[in-house]
Amino acid sequence: MDLSRFPRRRYSAAPTPIDPAPRFSAALAATCPGGRGPEVWIKRDDMLGLFPGGNKTRKLEFLAGEALAQGADTLITCGAPQSNHCRITLAAAVREGLRCRFIIEERVPGSYSPTASGNNFMFRLLGVDAITVVPAGSDMLAAMQQEAAQVRAAGGRPYIIPGGGSNAVGGLGYVACAQELQQQFFDSGQRFDRVVVGSGSSGTHGGLLAGFLGNRIDIPILGIGVSRDPPDQEPLVHREAQAVADLLDVGLHIPREAVRSVGGYWRPKYSVPNPMMVEAVQMLARTEAILLDPVYTGKIMAGLIGLARAGELAPGERVLFLHTGGLPSLHAYEEVVLGG
Ligand SMILES: *Cc1c(COP(=O)(O)O)cnc(C)c1O
C-alpha cells in the first residue's frame, strides 16, 4: 500500500525494536496450566518520538502532516484528564510551531485537577494554550467545533483532531507500523503466531488490521478492550479499519470476522485500576524492566496474561505484544501500582 502520497511529518528516528521478553515469558509460564505458556515478544512503540512517545506519535505524523498541508495554525483535540493523546498532540504542535487547545472530558466525575501530575503536568509544562473541561457524555465533536469557531473568530486557522487521533488519516500511522513490522519480520526471519494490541478509540487496532490485510500479513490480531466489551468495541474497530482502507483506495474489504477483541480486563471502568492491571505492571517491571501504564498497557498486558492462563494463547505460541506507551500516567498512580 502506497503511503507516500499522504503528507507526513517524521517524529521518530528509526523503526521501534522488537524485544524478546524471556524472563517475563518464564514467569508467566510458571503460572499457566502445566507450567507452559506463550513466548512473548514486545514491539516497543513506547520508544517512539515526541518523548515519552506512544501509539499517538504514529497517528500524529499523518494528522500534523495534513494540518500543515491545510495551512492550520492551531490543533484542537480532546481526551480524558490523563490523556496521552492530548499530550502527544501538544508535543507535535510545539515541534511544528502551532498552537494547541484541548477539550477534556471528565469521564470519572471530579477527576480533572489542573495541578495533577503525569500527563496533566506536561500539558502545562509544554504550554497548552487553552483547556476546556466538559462533563462525561458531552458531545466532544460539537465542543471542539465550538472551540474552532472561537479560534477562527480570533483570526486563527484551526484543525480538529478527534479523540485518540482515530480517524482514517490517523489510522494511516498504523498502516505504516504494519509495513514496518513486515520489513522487520523479513529482515530477521522471525515468525509470530499472533499480535496482541490495545483497542480503545480504535485507530491502532483498526489501522494495523487494515495494514495487515492490505499487505497480506497473515497473522491474526487480537485486541484487548480498554473501555468496551466486544459487542461495542468490534463494530468501532471494523468501521475504522474500513475507513482507513477506503482512504487508501485499494479496493480492500475488511471482513467483520477479522476483527477480534476480548473484554473484561478494562473493568470496573475506563482508567480505573484493577488488581490484574497491578499484577501485570509489576510483573513486566520486575522481569524485564519495561514499564507499562495503569490506564492502557497494564490492562492490555493483563489481558495477555489472563488469556495465557486460560490456555487461549497456546503453550509455545509466539505472541507479539504491541507496547503503545503511556509512561507519564504511571506517575499519577504511583501508590496504586505498588499495590498496597
Ligand atoms: C490511546 C492509547 C491506547 C489505545 O489506542 P487507540 O488507538 O485509542 O485504540 C493504548 N495505549 C496507550 C498507551 C494509549 O495512549
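When I say two residues touch or are in contact, I mean heavy atoms within 4.5 Å. With that settled, let's go through the model.

Two housekeeping points. This is a predicted model, where local features need pLDDT of at least 70 and side-chain atom pairs count only at pLDDT 80 or more, while totals for chains, interfaces and linings use all residues. Residues are numbered from 1 along each chain as its sequence is written, and side-chain values use heavy atoms, with hydrogens and water left out.

Let me start with Leu222, which sits in strand E8. Helices (H or I, at least four residues) and strands (E, at least two) are DSSP runs, numbered from the N terminus. Leu222 has a relative accessible area of 4%, so we call it buried. The cut-offs there are under 20% relative accessible area for buried, over 50% for exposed, and partly exposed in between, with a 1.4 Å probe and protein chains only. Not counting residues up to four places away in sequence, Leu222 touches Arg194, Val195, Val196 and Val197, then Arg260, Ser261 and Val262, and also Leu307. Pro52, 170 residues away along the chain, has its C-alpha 25 Å from that of Leu222.

Now the overall layout. The chain is divided into domain 1 (18-54 + 167-339) and domain 2 (56-165), with bounds that come from an automatic or database domain assignment. Taken over C-alpha atoms, the two domain centres are 25 Å apart. Across the boundary, 32 residues of domain 1 are in contact with 25 residues of domain 2.

What about the inside? A nonpolar core here is a set of buried Ala, Val, Leu, Ile, Met, Phe, Trp, Tyr and Cys residues joined through side-chain atoms within 4.5 Å. The largest one has 58 residues, and Leu208 and Phe212 have the most contacts inside it. Each of these supplies at least two of its residues: helices H2 (55-69), H3 (84-96), H6 (168-188), H7 (203-214) and H8 (230-248), plus strands E4 (99-106), E7 (194-199) and E10 (318-323). H6 gives the most, with 9 residues.

Leaving aside neighbours within four places in sequence, Phe212 is in contact with Ala178, Leu181, Val195, Ile217, Ile219 and Ile221. Apart from the core we have been discussing lies another, of 32 residues, with Ala21, Val262, Leu284 and Met301 among them.

On to a helix pair. Which way do H9 and H10 run relative to each other? Helix H9 (residues 275-288) and helix H10 (residues 297-309) pack at about 90°, with axes 8 Å apart, so they are roughly perpendicular. For the record, axes are lines fitted to C-alpha atoms, for helices over the stretch in contact, and angles run from 0 to 180 degrees between N-to-C directions. Under 35 degrees counts as roughly parallel, over 145 as roughly antiparallel, 65 to 115 as roughly perpendicular, and the rest as oblique. On the H9 side the contact includes Met276, Met277 and Leu284, and on the H10 side it includes Met301, Ala302 and Ile305.

Next, Glu240, in helix H8. Is it buried or exposed? Glu240 is buried, at a relative accessible area of 6%. Its contacts, not counting residues up to four places away in sequence, are Ser166, Asn167, Ala168, Gly171, Ser202, Gly203, Gly206 and Gly207. Ala168 is 72 residues from Glu240 in sequence, yet C-alpha to C-alpha they are 6.6 Å apart.

Ser202 has something of its own to show: a positive phi of about 90°, although it is not a glycine. Ser202 is found in the loop between E7 and H7 and is buried, with a relative accessible area of 4%. Arg216 also has a positive phi, near 55°, in the loop between H7 and strand E8 (221-225). Arg216 is exposed, though, at 75%. As background, most residues other than glycine have a negative phi, and most peptide bonds are trans.

One joins Phe51 and Pro52, with omega about -15°, and Pro52 is in the loop between strand E2 (39-44) and H2. Another joins Arg267 and Pro268, with omega about 15°. Pro268 lies in the loop between strand E9 (260-262) and H9.
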